[in-house]
Amino acid sequence: MPAHQLAPDISDDPADVLSAEQSHLAESRKALQAMREHAQSLSAEAAGDWVSQQVLQSLLDQRVAALADHPDTPLFFGRLDRSAGDDLPGTIYVGRRHVHDGASRALVIDWRAPVSRPFYQASPSDPMDVVRRRRFGYHGGALTAYEDEPLDQGGNLGPSKILTDEIERPRTGPMRDIVATIQPDQDEIVRAALTQTVCVQGAPGTGKTAVGLHRAAYLLFTHRERLARSGVMIVGPNRAFLSYISSVLPALGEVKVDQTTVADLLGAYDTPEEPEVAAIKGDARMAAVLERALWLHISKPEEGLVYTRGVHRFRVADYEVREIVASLRGTTRYGPGRAALAQRLAHQVLVRMEQRGDSPDDRVQDAVARSKPVKQLVDAVWPKVTPAQVLFRLLSDAGFLAKACAKSDISPGEQEMLLWRKPYRGWKSAKWSAADAALLDELGDLIERTSSLGHLVVDEAQDLSEMQLRALGRRCRNGSATVLGDLAQGTTPWSTTSWEAVLRHLGQDSGEVTELTLGFRVPREVLDYAARLLPSVAPGLAPPRSLRPGLGSLSVRPGAALAEAVGATLSREGSIGVIVPDALVEQVSGSLEDIAHAVLDPDAADQEHRLLVIPATLAKGLEYDHVIVVEPADIVAAEPRGLARLYVVLTRAVTSLTVLHDKPLPAALAI
């Protein structure tokens, strides 16, 4: 046996095997601590200059943070005993990060390494050179059990109790990683190539959000240097959702990934407006309108340029100026076009200087480009504008809007809806809506190019408008994306019905659409109940399936008291979410004043409280062991896509769902 291989089990006695594995865990934790102490001992002072020192210190700080040991989190969760006669260890422990001892002997292999893949993919029909797969059970951070799966004997593997227990383990606080329970179809998505954009249609409980986060972690591990330069970003629906998922990537050793919402990325504007108006603004047809509106600011040059230097005057005729403007228009972004116009005019002046026998250089050209005559002509012909100035003019000037819409299919009626009823006094005082944010971003990109990231993860993408998708697409135009969502959970007026359309508006037409339909978290009884709404909210989707029967997990109680239901649920283990119509949040919270609880707000300050009162509009993407839904009829009545909102709410439960109602339930749910 090569010196770097780990020894096989020295005894068949389960107690001895468990003791040996616990010893390996203790050794691994000690080695991780030594790795962290070594990283802390390194100094950035060896770098040459101050800038290099700052960069190096930042990298060292990230390294120290990534090596933090979380006592309640298992350091490794699996073991592979291999039969391959190669240079790799015969026994491999698979965990959240790589750990080695002082002799550089690998004690734990990162789950993202190629050699770890058989832990997720190997089966008796394709053992992938693995003789035995061992899963470990933990209580907190203590290793308490193990379970072996022989892969070299053919046949079928029975259900894994450790795997099932981990999936069903009650939770409080933020989302956990699923690195120990990734399923083969999920693993295929996680390990998709960086160049491949993947769109995941995932039913409730299928783990699509976790898959997206684990794909980000995998890509950062596999393409560390490239993505360190270009960046990875997670985009979620709201800050409560981001707070819920915030612990996943750090637990996997990835501490430097930007997480944001569409509102925070594009601008947190919140002026109310009619849904019908917002829907028009979110339509991709607005892109052509905005482009035309911007370029309408360029006027036809009526005068030439006269530049004086000493006793000489140099003239550029008006027709030459028109030719320069015409050659630039449509071949560059608006902002660089202004700079190019000034340089082209200056170049024409230099040509005339050379014709007089002068020998001007680049410094002279730059000086001419910055001169008052050139600036005045450029400002008159190609004025400097901001996105806010253009959009203000578009929404307040009916004539200008009509010109901008002349070559589009935005109807006169739609144009009238777009116009402000009471225009603001100026663009600086204008108050923008959430839908305006994407229009401003589109204009911003037409003026100056938006920088691209290496990879973008977008969750709940079904709720984004076409213009919002275009805004996100600009941020991965040179990279790729992981798009996550569920067509059945679309709750905005512009919710998509096609993932192919989503990819097209993102500019990722070649993206691959894949579907996760098998749920691991939501009990079958709960999922089947919620799926009664699917013919109304997403008739084209197949009903989701769940591996967990969940007998007795559903309770529908007409006229039952909320405090009584909450009291009974508090006697059970796990987190509790009381999901209510937004209009009833204050009333419901008041009725629970004698029971310790918190109200979830968009900033999720109390995310970790065991009992939360949750507005229905904030429930998407969240998950609780026990969910109590109050008055479904009011949730449905609160918005045009109310049935879809109710479908979201009903599928937040992991262990039990209790439905309390005085008003009649939607017909599909009546029992």
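How many positive and how many negative side chains does the protein chain have, and how far apart do the centres of the two sets lie? I looked this up before anything else. I found 73 positive and 87 negative side chains in the protein chain. The centres of the two sets lie 8 Å apart. I note that this is a predicted model.

**Overall dimensions.** I took the C-alpha trace along its principal axes and read a span of about 105 × 70 × 45 Å. The accessible surface of the chain comes to about 30300 Å². Carbon and sulfur atoms hold 51% of that surface. Of the 671 residues, 53% are buried.

**Fold.** I noted 28 helices and 22 strands in the protein chain. I then checked contacts between residues at least 6 apart in sequence, and 74% of these join residues at least 24 apart.

I followed an open sheet of 6 strands with mixed pairing. Its order reads β3-β4-β2-β1-β5-β6. The edge strands are β3 (99-100) and β6 (142-150), and each pairs on one side only. I looked at how β6 is held: β5 (residues 130-139) pairs with β6 in the antiparallel sense over 8 bridges. For H139, I found the bridge partner A142 in β6.

**Cores.** Which residues touch the most other members of the largest nonpolar core? I found W111, L650 and L657, in a core of 162 residues. Another core of 17 residues lies apart from this one, and A31, M35, L67 and V108 are among its members. I went back to L657 and left out residues up to four places away in sequence. L657 then touches V526, Y529, S553, L554, S555, V627, V629 and L650.

Technical notes
Residues are numbered from 1 along each chain as its sequence is written. This is a predicted model: local features need pLDDT of at least 70, side-chain atom pairs count only at pLDDT 80 or more; totals for chains, interfaces and linings use all residues. Side-chain values use heavy atoms; hydrogens and water are left out. A nonpolar core is a set of buried Ala, Val, Leu, Ile, Met, Phe, Trp, Tyr and Cys residues joined through side-chain atoms within 4.5 Å. Buried means under 20% relative accessible area, exposed over 50%, partly exposed in between (1.4 Å probe, protein chains only). Contact means heavy atoms within 4.5 Å. Helices (H or I, at least four residues) and strands (E, at least two) are DSSP runs, numbered from the N terminus. Accessible areas come from the Shrake-Rupley method with a 1.4 Å probe; for residues, only the protein chains shown count as cover. Lys and Arg count as positive and Asp and Glu as negative; His and the chain ends are not counted. The place of a charge is taken as NZ of Lys, CZ of Arg, CG of Asp or CD of Glu. Two strands pair if DSSP finds at least two bridges between them.
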